[in-house]
Amino acid sequence: MLRTIIAMLCLACMTLAFATAADETLDIGPITISLDLGSVGSYVIEKEETAIIDHRKPRFQYEISPASIKVDGIQDTVQLEVHQMSSSEPLEDAISERDQVSGLVHCIMRSNMVPVGEDLETKPYDIDGKEGVLATIKSDSENPMYIAAYSPDQKDGSGSIVCIVGSDFPWETTKGIFATIRATVT
């Protein structure tokens with residue numbers, strides 16, 4: 001009986017250690033982000049240089065901090081970008097009369113994940129307990145890319161930080177990754 005209890009405790013500890021090992025935590029720009037990559041196999045994370053860009057209308061500066069997660073030698077299977085604006089900006093409303101996309105969709109379109117001129121299908125999507133956007137790029141109809149964006153510091157429809165995560169994995173794997181995303185403003 002005692003051996004059975006000890007064996008069960010050891011098995012439970014091994015399972016917990018394996019589950020914990022699948023969580024990855026990264027400091028990217030102004031946030032610490034964690035996500036579970038246990039379903040993707042072996043991977044390597046590469047952080048890239050932060051770029052500073054001047055936004056023209058409205059006038060503000062923003063930083064883009066990217067990282068790529070290469071899975072089993074495949075380039076950019078999961079991509080991360082954190083956009084930090086110098087001021088809190090509207091994220092849910094149209095960015096201008098001429099451009100009717102929301103601030104979150106605009107950030108996705110300006111990310112390095114979306115090829116120039118590519119059409120996006122977007123819909124509301126809850127991520128990390130916040131209201132965000134899910135975009136789908138179907139340039140390869142058999143292997144679409146999924147991109148989720150949200151603001152961890154959003155209040156009253158505006159925010160200064162946008163977290164963007166893209167995945168080339170099939171939807172079921174991507175949905176599992178997106179469901180584990182947690183960001184903390186540092």
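## Talking through salt bridges, helices and loops

A search of the whole structure finds 3 salt bridges (a side-chain nitrogen of Lys or Arg within 4 Å of a carboxyl oxygen of Asp or Glu). This is a predicted model, where local features need pLDDT of at least 70, side-chain atom pairs count only at pLDDT 80 or more, and totals for chains, interfaces and linings use all residues. Residues are numbered from 1 along each chain as its sequence is written, and side-chain values use heavy atoms, with hydrogens and water left out.

Student: Which residue meets Lys70 in a salt bridge?

Tutor: Lys70 sits in strand S5 (residues 60–71), and its partner is in strand S3 (residues 43–47), 24 residues apart. Strands here are DSSP runs (E, at least two residues), as are helices (H or I, at least four), numbered from the N terminus. The N to O distance is 2.9 Å, and the partner is Glu46.

Student: Is Glu46 buried, partly exposed or exposed, and what is its relative accessible area?

Tutor: Buried means under 20% relative accessible area, exposed means over 50%, and partly exposed is in between (1.4 Å probe, protein chains only). Glu46 therefore counts as partly exposed, with a relative accessible area of 35%.

Student: How many residues apart are Glu121 and Lys138?

Tutor: Their side chains meet in a salt bridge at 3.5 Å, N to O. Glu121 is partly exposed at 47%, and Lys138 is partly exposed at 47% too. The pair links distant parts of the chain, with Glu121 in strand S7 and Lys138 in the loop between S8 and S9: 17 residues apart.

Student: What separates Glu172 and Lys175 in helix H3?

Tutor: These two form a salt bridge, with the closest N and O atoms 3.8 Å apart. Glu172 is exposed at 56% relative accessibility, while Lys175 is partly exposed at 35%. Because they are 3 residues apart in helix H3, what separates them is about one helical turn.

Student: Which residues of H2 are buried?

Tutor: In H2, 6 of the 8 residues are buried, so the helix is largely enclosed by the rest of the structure. Those buried residues are Gly103, Leu104, Val105, His106, Cys107 and Ile108.

Student: How far apart in space are Met113 and Tyr146?

Tutor: Met113 is in the loop between H2 and strand S7 (121–127). At 4% relative accessibility, Met113 counts as buried. Met113 and Tyr146 are 33 residues apart in sequence, and C-alpha to C-alpha they are 9.8 Å apart.

Student: What is the phi of Asp128?

Tutor: Asp128 is in the loop between S7 and strand S8 (130–137). At 19% relative accessibility, Asp128 counts as buried. Its phi is positive, in a residue other than glycine, and is near 55°.

Student: Is Asp156 buried or exposed?

Tutor: Asp156 is in the loop between strand S9 (145–150) and strand S10 (158–167). Asp156 has a positive phi of about 55° although it is not a glycine. At 83% relative accessibility, Asp156 counts as exposed.
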